[in-house]
Amino acid sequence: MSLYLELINKLDNLKIPYEIVSHEPALTTKQADSFIEGIEGVRTKTLFLTNKKKTAFYLVVMDDQKRLNLDHFKKIINENRIKLASEQLIFKKMSLEPGIVSPFGLLFNPTHDIKVYFDQEILSEEKMSFHPNTNDKTIFIATNDLLAFIKHLDYFIHVVDL
């Protein structure tokens with residue numbers, strides 16, 4: 001079963017509503033946004049970061065128009081050096097490829113060792129949008145339902161000011 005279908009089955013089993021928009025594969029957030037114009041919901045980007053030793057892993061969710069200040073985030077998490085995770089590490093930790101990383105990849109984190117961070121700025125939004133483990137669709141989900149999904153997977157959500 002595809003990662004997309006596993007996600008949809010999980011959401012359906014949890015009775016979490018969502019809206020799916022199918023489109024041609026999107027390789028950037030700008031391109032993805034062009035496919036979903038007019039649909040309400042904050043456009044997000046999700047970054048998967050690791051420390052230098054690759055012993056700590058961070059999933060950061062924020063507005064796709066915002067840039068992550070790495071120095072500021074390092075202070076928040078008390079790390080000296082962090083960087084974007086490699087393609088191999090993303091696949092190892094969430095079975096995903098770069099460009100489709102989202103909180104839904106937590107469903108496939110066998111070691112359950114990723115810390116989840118949300119920018120507080122987007123939590124006031126009613127809905128959020130992500131790639132649902134594939135880049136040829138966009139999922140819209142209520143913010144409260146997304147947070148419930150992540151908590152159901154037994155992850156703690158850190159709300160921070162990015």
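Trainee: How many salt bridges does a search of the whole structure find?

Mentor: The search finds five salt bridges. Keep in mind that the model is predicted.

Trainee: Why would two side chains pair like that at all?

Mentor: Side chains of opposite charge can pair when their charged atoms come close.

Trainee: OK, take K66. Which residue does K66 form a salt bridge with?

Mentor: K66 pairs with D119, and the closest N and O atoms are 2.7 Å apart. This pair links distant parts of the chain, 53 residues apart. K66 sits in the loop between β3 (57-63) and α3 (70-77), while D119 belongs to strand β5 (residues 114-119).

Trainee: Is D119 buried or exposed?

Mentor: D119 is buried, because its relative accessibility is 0%. K66 has a relative accessible area of 17%, so K66 is buried too. The cut-off for buried is under 20%.

Trainee: Now helix α3. Where do K74 and D71 lie?

Mentor: Both K74 and D71 are in helix α3. They are three residues apart, which is about one turn of the helix. Their side chains meet in a salt bridge, at 3.3 Å from N to O.

Trainee: And D71, is that buried or partly exposed?

Mentor: Partly exposed, because the relative accessibility of D71 is 48%.

Trainee: What about D113? Which residue is its salt-bridge partner?

Mentor: The partner of D113 is K93, with the closest N and O atoms 2.6 Å apart. This pair also links distant parts of the chain, 20 residues apart. D113 is in the loop between α4 (87-94) and β5, and K93 is in helix α4.

Trainee: How do D113 and K93 come out for accessibility?

Mentor: K93 is buried, with a relative accessible area of 7%. D113 counts as partly exposed, at 28% relative accessibility.

Trainee: Which residues do salt bridges that share partners join into one network?

Mentor: That network consists of K66, D119 and E121.

Trainee: Change of topic. Where is H23 found?

Mentor: H23 is in the loop between β1 (19-22) and α2 (29-35). Its relative accessible area is 13%, so H23 is buried.

Trainee: What does the side chain of H23 make a polar contact with?

Mentor: The side chain of T138, at 2.8 Å.

Technical notes: Residues are numbered from 1 along each chain as its sequence is written. This is a predicted model: local features need pLDDT of at least 70, side-chain atom pairs count only at pLDDT 80 or more; totals for chains, interfaces and linings use all residues. Side-chain values use heavy atoms; hydrogens and water are left out. A salt bridge is a side-chain nitrogen of Lys or Arg within 4 Å of a carboxyl oxygen of Asp or Glu. Helices (H or I, at least four residues) and strands (E, at least two) are DSSP runs, numbered from the N terminus. Buried means under 20% relative accessible area, exposed over 50%, partly exposed in between (1.4 Å probe, protein chains only). A polar contact is a pair of N or O atoms within 3.5 Å; within protein, one must be able to donate a hydrogen and the other to accept it, and residues adjacent in sequence count only if both atoms are side-chain atoms.
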